[in-house]
Amino acid sequence: MADYKIDSHKLWWHSERVEEWLNNTDCGPIYLEIGLTNICNHDCTFCGFDYAQGTNTLPSKVILENLKPMKECGVKSICYSGAGEPCLHKDFPEIISQTNAAGIDAAFSTNAALFDKDKAEKVLPYASWVRFSVDAATPETHAKIHRPKRASPESDFEIVIKNISNAVEIKQKNTYPVTLGAQFILLEENKHELLPFAEMCRKIGVDLLQIKPYSRHPPSIKKLNVDYNNCQLLEDNVLKYATPDFKVVFRSSRMQRISSQRNYSHCLALPFWAMINERGDVMPCDIYYDQPSHSYGNIKESNFYDIWHSERRRQIMDSIFEKGTSGCKEGCRMDAINIDLWKLKKRELSLKDILQKGSPPANVNFI
């Protein structure tokens, strides 16, 4: 069974980049998240980017022209996600294929309602992984949580399951190496459906199911209360659904980090990644996703390589470091990396300690 290292991080398989950071306090980014649009066909109760949704779409020409500068800057992987649904971008299949052609691993997150058979056939040969956000095992709970914005003879849930099934069939028929994963954000409203959902995913034939905690983005409008303190029995039961061909990842480590205090006071992880929103702003992380004041620069106006090596980026990173982690998202995307980078900085770890032996985990460039 593939090792996905989802509840930890994969930075230690990039020791050359870590060494660059140690020597220069900076380095080229390994991983980017890009929002193709902030338009969405769902209004999920757990959405962290509700405050950033609107009517903007990043022109495909801007993205494609920046793939080479991104690669030259050191980018190894891109996940197309952000504040909206990537399948709503008219050139979505071309963007995925051209990212792959540029020598950058491509992936995306989707609610799957628009990921029809035609898109799957065009995209799956070029994607490293796909994350289907489903979060329910029945049409009723799916509608309650995802709150689709369109009316259809079929429920969006039925369309989602059909589209995922088609994607699995296309992958298996063509033996594409893409990882197809289902995501379940664990909420009070859907806990009772986790085990039926695991059974459904196993029958459909996806490669992976990951169960994630909800963690609110500080700027988010929505705010949910979820208690993750008594999940051991649920974790034990859902892990029983795993098989040699179906991996189940219950993100208990992240759940623990959400409910515990950070053991570091400043973010060291910013040099290893960045986000680009649908307006083209290169942002330090999702906390600043919709804040132009913290934009490193805009890829509509300058190329990514020049933005990354600009004095403005250095100044913004310095200001964020000085501010510290007050106001940061609990259990953020770079939290596990930060924990280990601080051990490295304090010399509780050395480069020799972090050198990885053996085969790297699946999708190693998505740190």
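Is lysine 5 buried, partly exposed or exposed? The views below are of a predicted model.

**View 1. Lysine 5, in the segment before α1 (15-24).** Lysine 5 is partly exposed, with a relative accessible area of 32%. Its phi is near 50°, a positive value in a residue other than glycine. Most residues other than glycine have a negative phi.

**View 2. Threonine 175, in the loop between α6 and β5 (179-186).** Threonine 175 also has a positive phi, near 50°, and is not a glycine. The relative accessible area of threonine 175 is 67%, and because the cut-off for exposed is over 50%, this residue counts as exposed.

**View 3. The largest nonpolar core, made up of 115 residues.** Met70, Tyr80, Phe115, Leu186, Ile211 and Phe304 have the most contacts inside this core. Helix α6 (residues 156-174) gives the most to the core, with 7 residues. In soluble globular proteins, nonpolar side chains tend to be buried together.

**View 4. Surroundings of leucine 186.** Neighbours within four places in sequence are left aside. Leucine 186 is then in contact with Lys191, Leu194, Ile211, Lys212, Tyr214, Val226, Tyr228, Cys231, Leu234, Phe250 and Met255.

**View 5. The protein chain, with 13 helices and 10 strands.** The radius of gyration is 20 Å, close to the 21 Å that the globule rule gives for 367 residues, so the chain is as compact as a globular protein of that length. Buried residues make up 58% of the 367 residues. Of the contacts between residues at least 6 apart in sequence, 75% join residues at least 24 apart. The chain carries 46 positive and 47 negative side chains, and the centres of the two sets lie 2 Å apart.

Key: Residues are numbered from 1 along each chain as its sequence is written. This is a predicted model: local features need pLDDT of at least 70, side-chain atom pairs count only at pLDDT 80 or more; totals for chains, interfaces and linings use all residues. Side-chain values use heavy atoms; hydrogens and water are left out. A nonpolar core is a set of buried Ala, Val, Leu, Ile, Met, Phe, Trp, Tyr and Cys residues joined through side-chain atoms within 4.5 Å. Buried means under 20% relative accessible area, exposed over 50%, partly exposed in between (1.4 Å probe, protein chains only). Helices (H or I, at least four residues) and strands (E, at least two) are DSSP runs, numbered from the N terminus. Contact means heavy atoms within 4.5 Å. The radius of gyration is taken over C-alpha atoms; the globule rule is 2.2 Å times the number of residues to the power 0.38. Lys and Arg count as positive and Asp and Glu as negative; His and the chain ends are not counted. The place of a charge is taken as NZ of Lys, CZ of Arg, CG of Asp or CD of Glu.
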